[in-house]
Amino acid sequence: MPTQGEQLKEKLVGINSLTSQVYHWLLTEQKMGNEALEYLKQRGLSDEVIKKFNIGFAPNNWDFLLKFLVGKKKYALDDLTRAGLAVKNYDRFRNRIMFPLGNARGQIVGFAGRVLDPEAKEAKYVNTPETEIYHKSELLYGLDVTRAEIKNAGWAVVVEGEIDAIASWQAGVKNVVAIKGSALTEDQIRLIGRF
């Protein structure tokens with residue numbers, strides 16, 4: 001039987017997975033995602049890689065996710081806060097292109113959100129804070145998608161950002177990952193070493 005801690009981690013992964021699906025749907029199927037989708041196309045990303053990496057869009061709304069996850073899906077606000085999706089009683093991510101952060105097992109443990117408005121005064125990227133399931137020094141962006149390619153090649157290309165990794169994958173360099181944070185950590189090197 002799973003411990004209380006394991007049950008909580010499972011719940012947080014479930015919340016992040018559902019959020020990832022909703023963000024992807026907003027980007028690819030809803031009018032509110034058109035500007036973000038156009039930006040990604042201008043950056044040269046194909047529909048195939050947008051789907052493969054499950055890229056999404058967080059709308060410019062203070063409580064979209066809260067209304068959906070708390071109001072409709074009946075999750076507790078505290079669980080959204082623990083997952084890093086809410087701050088007090090509002091959504092952490094607003095008007096951002098969303099990159100789900102998967103661990104090596106493919107579980108969504110966090111997000112990186114890139115601001116859509118280049119004139120915005122806020123940070124270009126906002127990431128999920130450290131949580132029970134997300135530790136940026138232990139995660140490599142894209143590994144959940146590229147691990148088989150890395151294993152087949154026997155080595156990995158390490159790049160700086162999410163779009164760098166996605167563009168490399170699209171260009172045919174499929175044994176690629178991106179670091180989270182500003183430097184490659186020992187934990188990340190060990191993680192690559194496993195593959």
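Visitor: Which elements do the buried residues of α4 pack against?

Guide: This is a predicted model, in which local features need pLDDT of at least 70, side-chain atom pairs count only at pLDDT 80 or more, and totals for chains, interfaces and linings use all residues. Residues are numbered from 1 along each chain as its sequence is written, and side-chain values use heavy atoms, with hydrogens and water left out. Helices (H or I, at least four residues) and strands (E, at least two) are DSSP runs, numbered from the N terminus. With contact taken as heavy atoms within 4.5 Å, the buried residues of α4 pack against α1 (4-29), α5 (77-83), β2 (86-87) and β3 (90-91).

Visitor: Which residues of α4 are buried?

Guide: Buried means under 20% relative accessible area, exposed over 50%, and partly exposed in between (1.4 Å probe, protein chains only). In helix α4, which covers residues 64-72, the buried residues are Phe-64, Leu-65, Leu-66, Phe-68 and Leu-69.

Visitor: Why is Tyr-75 described as partly exposed?

Guide: Tyr-75 touches residues including Lys-11, Leu-18 and Leu-80, not counting residues up to four places away in sequence. The C-alpha atoms of Tyr-75 and Lys-11 are separated by 9.4 Å, although these residues are 64 apart along the chain. Tyr-75 is partly exposed because its relative accessible area is 23%.

Visitor: What is the volume of the largest pocket?

Guide: On a 1 Å grid over the protein atoms alone, a cavity is a set of points where a 1.4 Å probe fits but cannot get out, and a pocket is an open set with protein on both sides within 12 Å along at least five of seven lines; lining residues have an atom within 4 Å of a point. Grid points are joined across faces, edges and corners, and a volume is the space filled by probe spheres set on the points. For the largest pocket, the volume is about 460 Å³.

Visitor: Which residues lining the largest pocket are the closest to its centre?

Guide: The largest share of the lining, four residues, comes from α1. Of the 20 lining residues, the closest to the centre of the largest pocket are Asn-103, Arg-105, Gln-107, Val-109 and Ile-133.

Visitor: Which element gives the most to the lining of the second largest pocket?

Guide: The second largest pocket holds about 280 Å³ of space. Its lining has three residues from the element that gives the most, α7.
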